[in-house]
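Notebook open, structure loaded. I want to jot down a few things I looked up, one entry at a time.

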Amino acid sequence: MLSIDSLRVTYGGAVEAVRGVTMEVPDGKVVAVLGSNGAGKSTLLRTISGTLRLHRGRVDEGSVRFDGDVLTSRDPGQIVRRGIVQVPEGRRIFGRLTVEENLRAGGMGNRDRAAKAAAHARVHDLFPVLAERSGQRAGLLSGGEQQMLAIGRALMASPKLLLLDEPSLGLAPRVIGQIGEVVAEINRQGTSVLLVEQNATMALGVADLAYVLDVGRVSLSGPAEELARTDEVQRLYLGHGDPAASGPVGRHTRRTLSRWTA
Amino acid sequence: MTQFLSLLLNGLSLGAIYALIALGFVIIFKASEVVSFTHGSLLLLGAYSIARLSGTLGFLGAVLVGLVITALAAFVVERFIINRLRGAPVISLAIVTIGVDIILLTELIRRIGPDILNVPHPWGGQSVRIGGIGITQNRLVAMVVAGILIVLFFVAFKYSSWGVAMRASAEDGETAALMGIRQGRVSALAWVVAGVLAGVAALFLVGSPTPGVSSAVYATALRAFPAAILGGLDSTGGALVGGLLIGVAESLAAGYQENLLFLGRGFGEVVPYVVMIAVLLVRPSGLFGTKELTRV
């Protein structure tokens, strides 16, 4: 479905953020991308969603294809219309707009009225709280609700592939667990997901496949379960080589969080 | 008291015209992040077109074509200049719009020359009296039409897809782009709407008590800038309040000129700027403006 081939991206012609990444998101799967700050995760997503130019970044080599169609020369609007929508890092909801208006804004790239109505019903079904608060200013929602809104807004475009940039950022462990469940549910309904995360426990819990990015390169890749058992992931992302760390979603989130906040 | 009420009513009608211009100014700023100084000459272009065409097309035809010309000029400026300079520093863009303004203004002044072109408003130059309060018919029609347009504008801004897209991309352009909102289109439409509003304002600004289209109309149009600034550059509600405030202040200052002689004659013309400075000294981002206008 989405295939990235030896991609190299630089900022301002000098800073190399992604150095030869090859990656595959198969149809109907959840793929996790792990990595610490500066590993090139956000750059990768910007390249896919077409917002790289807004950050003065450039694709020097390689390609990004979606169902065979080259995306690297397209603008964000065209990419949304082809079925790829990104939930930006830090949620970036429109705080001065109401919850409903946020969803309307998310559906702007969706020309098919019936699809838009179906997407709207699906969003309210997934996140009943957004239906309850539809007339409220989005800036007044809690952090977790804002993340739900950011995901719901992206779903309004009826994407085939959903890109999530660190949805767990700054959220309470219980809420992170809910986000994980939502991602699994969205995927079950037929949307492929590319999930970029620092919270490896949640990401590996829902993903089928995973990649570990390290300073712009893929250092590890494979089925999520296998990856969770490797020493490197155990040590760097799940904490202290605990063999039980590859357990179900939510079990170790508290521990992972304390590592990051320490 | 009658004099005061009369000045107030005339000030409000003038203010409604300023509000039309200021609204355009504000939506351009919101959509394109440009402080557009082309607005004065766009307005003069509208007035000139209406005056020149009314001989052949009749009043109504001239107004319609004049509005189209103004909107088209705004569209061309956006498409061929502003849109291509996306990402340039805000100051450069502002200077560019001043450049465009001077070019357009110079050509219009050359064409108008020393004449005063007449626009044959069907409501003529008569005044009406409402319970002793006098106002020209032109200003009365202006107030009604501007009122309707302003209500329409706010309804569209609140409920239409264009309004939602506009507000979303004004708040966070990159995220709006990620949602598939085409900023180029939002921006172009904002300029077109601003052009039409300026054209309508032009139609009434050149009617009684103003004698007709001359280069002096440009100076009048400029008074909508302080209206937009004092209301808050990114606030549509602020543009409305700012416009009315400037209109009333100007009208009162002109009407009570005899009592204000120590300030010199023609104080009414500088009053908009004095009011703007006074407001900004107390509230630097305007009455309704967002405190932080720059994006991180």
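Entry 1, confidence. Residues 240–262 of chain A are another story, with pLDDT below 50. That stretch still has 40 contacts in the model beyond near neighbours in sequence. Where pLDDT is low, the predicted coordinates should not be read in detail.

I found A:Lys160 in the loop between helix H6 (143–155) and strand E7 (161–165) of chain A. Leaving out residues up to four places away in sequence, A:Lys160 touches A:Gly83, A:Thr191 and A:Ser192. I also looked at A:Val80, 80 residues away along the chain; its C-alpha atom is 9.7 Å from that of A:Lys160.

I get 21 residues from chain A and 16 residues from chain B in the contact. On the chain A side, helix H2 (76–81) and helix H3 (99–106) each give two or more residues. By class, that side has nine nonpolar, six polar and six charged residues.

How do H5(B) and H7(B) lie relative to each other? Their axes come within 10 Å and cross at roughly 110°, so the two helices are roughly perpendicular. The crossing is left-handed. H5(B) brings B:Trp162, B:Ala165, B:Met166 and B:Ser169 to the contact, and H7(B) brings B:Gln183, B:Val186, B:Leu189 and B:Ala190. I note six nonpolar, two polar and no charged residues there.

Methods
Residues are numbered from 1 along each chain as its sequence is written. Chains are lettered from A and ligands numbered from 1 in the order in which they are written. This is a predicted model: local features need pLDDT of at least 70, side-chain atom pairs count only at pLDDT 80 or more; totals for chains, interfaces and linings use all residues. pLDDT is the predictor's confidence in each residue, from 0 to 100. Two residues are in contact if their C-beta atoms, placed from the backbone, lie within 7 Å. Helices (H or I, at least four residues) and strands (E, at least two) are DSSP runs, numbered from the N terminus. Ala, Val, Leu, Ile, Met, Phe, Trp, Tyr, Cys and Pro count as nonpolar, Asp, Glu, Lys and Arg as charged, and the others, Gly among them, as polar. Axes are lines fitted to C-alpha atoms, for helices over the stretch in contact, and angles run from 0 to 180 degrees between N-to-C directions. Angles under 35 degrees count as roughly parallel, over 145 as roughly antiparallel, 65 to 115 as roughly perpendicular and the rest as oblique. A crossing is left-handed if the near helix is turned anticlockwise from the far one by less than a right angle, and right-handed if clockwise.
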